[in-house]
Amino acid sequence: MTPTPTPAPTPSRRTVLGGAALAALAVTATATTAATAAPAATAATSPSSSAKSFTDEASWPTEYPLPDGWLPEGIAIGNKPYAYQGSRAHGGILRTDLRTGEGTVLYAGGTGQVSVGLKLDHDGLLYVAGSTGVARVVDSRTGALVTTHQLVPAAGHFINDVTLLGDRAWFTDSRDAVLYGVPRGRTDGEIRALPLTGDWVQLPDVNNANGIVGTPDGRGLIVVKSTPGELYNVNLRTGHATRITLVGASDVVNGDGLYRIGRTLYVVQNRLNLISVWSLDRTATTATLTRTITDPRFDVPTTAARYGDRLYLVNARFTSPQLPETTFTAVAVPI
């Protein structure tokens, strides 16, 4: 996500690099449009008295507005048709009904708070990367703040993204070569710090570790290093990071949010306004570029979440003024 945030005004989340990376992707982008309709959802939904069909995902909006000045960054979706979008402006969380595009503020946040990466657990708890050294847990049903974990001091750190694996929620720190594992659930437990070693080389004065997902076998973590655009397979036991060999493109520059389905890895490359799609080998140490997804509605998308046969992304609009009156949207593309 962009430069390290500070309270009011809150800056962007992700590191940005120059535009030289467009030539690195040697695959023709697959364009989608706002009119694209995805196939029916695989998850069941509840009927409504509205005339709109709530059981046919193809009739759901493929774009919906977020509040002006929201400064979105992360998005999370569970097994129900609701998206949760965090705010860099005040740390709030917006809950949007994917069937209608209508949103309500679930968690109001507060002065100095930031909500960037989000993940929703099966028990309804939202794990929130809070940027300024913190991770928060919010109840997605009530909006209540369950707990706040102070992982590191605010200065010199940027808690950026999160994934759920095993009994922990794992957070990246874009300014330090350490991952943090927070126990899942409502009970307190020891926070685990996992220093990154092996092929990992921490670069000064830029955002390094960014998006994070579990490996297909569930034994490790895949982390994108936004600068200079690399993927790593991290051993959960030792922290040894093996650089993943990329085939079909030289890098994933501006790599931001990650989403994985089986051995298919989606890398959101924010300022390039595209998603690169990679096929992982059995050991998740080689990734082959299979295609890219672009859309004219992309305006610096940062992270992605899936519902049915769609990926939903928030447009952070890092190249536009980040003001209270700036408009923001979320968009859906078929997968």
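Biologist: How far is the charged end of K225 from the centre of the W200 ring it sits over?
Modeller: This is a predicted model: local features need pLDDT of at least 70, side-chain atom pairs count only at pLDDT 80 or more, and totals for chains, interfaces and linings use all residues. Residues are numbered from 1 along each chain as its sequence is written, and side-chain values use heavy atoms, with hydrogens and water left out. A charge sits over a ring if NZ of Lys or CZ of Arg is within 6 Å of the ring centre and within 35 degrees of the ring normal. For K225 over W200, the distance is 5.0 Å.

Biologist: Which ring has the charged end of R95 over it?
Modeller: The charged end lies 3.7 Å from the ring centre. The ring belongs to Y82.

Biologist: How many bridges pair β16 with strand β17?
Modeller: Strands are DSSP runs (E, at least two residues), numbered from the N terminus. Two strands pair if DSSP finds at least two bridges between them. β17 covers residues 220-225 and runs antiparallel to β16. The count of bridges is 4.

Biologist: Which residue takes a positive phi in the hairpin of β16 and β17?
Modeller: This hairpin has 5 residues between its strands. The phi in question is near 75 degrees. The residue is G218.

Biologist: What is the strand order in the open sheet of 4 strands?
Modeller: Pairing is antiparallel. The edge strands, β2 (63-66) and β25 (301-307), each pair on one side only. The order is β2-β27-β26-β25.

Biologist: Which residue in β27 stands opposite V314?
Modeller: Strand β26 (residues 310-315) and strand β27 (residues 328-334) run antiparallel and are joined by 5 bridges. Opposite V314 stands A330.

Biologist: Is Y64 buried or exposed?
Modeller: Y64 is in strand β2. Its relative accessible area is 2%. Buried means under 20%, exposed over 50%, and partly exposed in between (1.4 Å probe, protein chains only). So Y64 is buried.

Biologist: Which side chain makes a polar contact with the side chain of Y64?
Modeller: Contact means heavy atoms within 4.5 Å, and beyond its neighbours within four places in sequence the contacts of Y64 include Y312, T329 and A330. A polar contact is a pair of N or O atoms within 3.5 Å; within protein, one must be able to donate a hydrogen and the other to accept it, and residues adjacent in sequence count only if both atoms are side-chain atoms. Here the distance is 2.5 Å, and the partner of Y64 is Q85.

Biologist: What separates the C-alpha atoms of Y64 and G101?
Modeller: Along the chain, Y64 and G101 are 37 residues apart. Their C-alpha atoms are separated by 5.1 Å.
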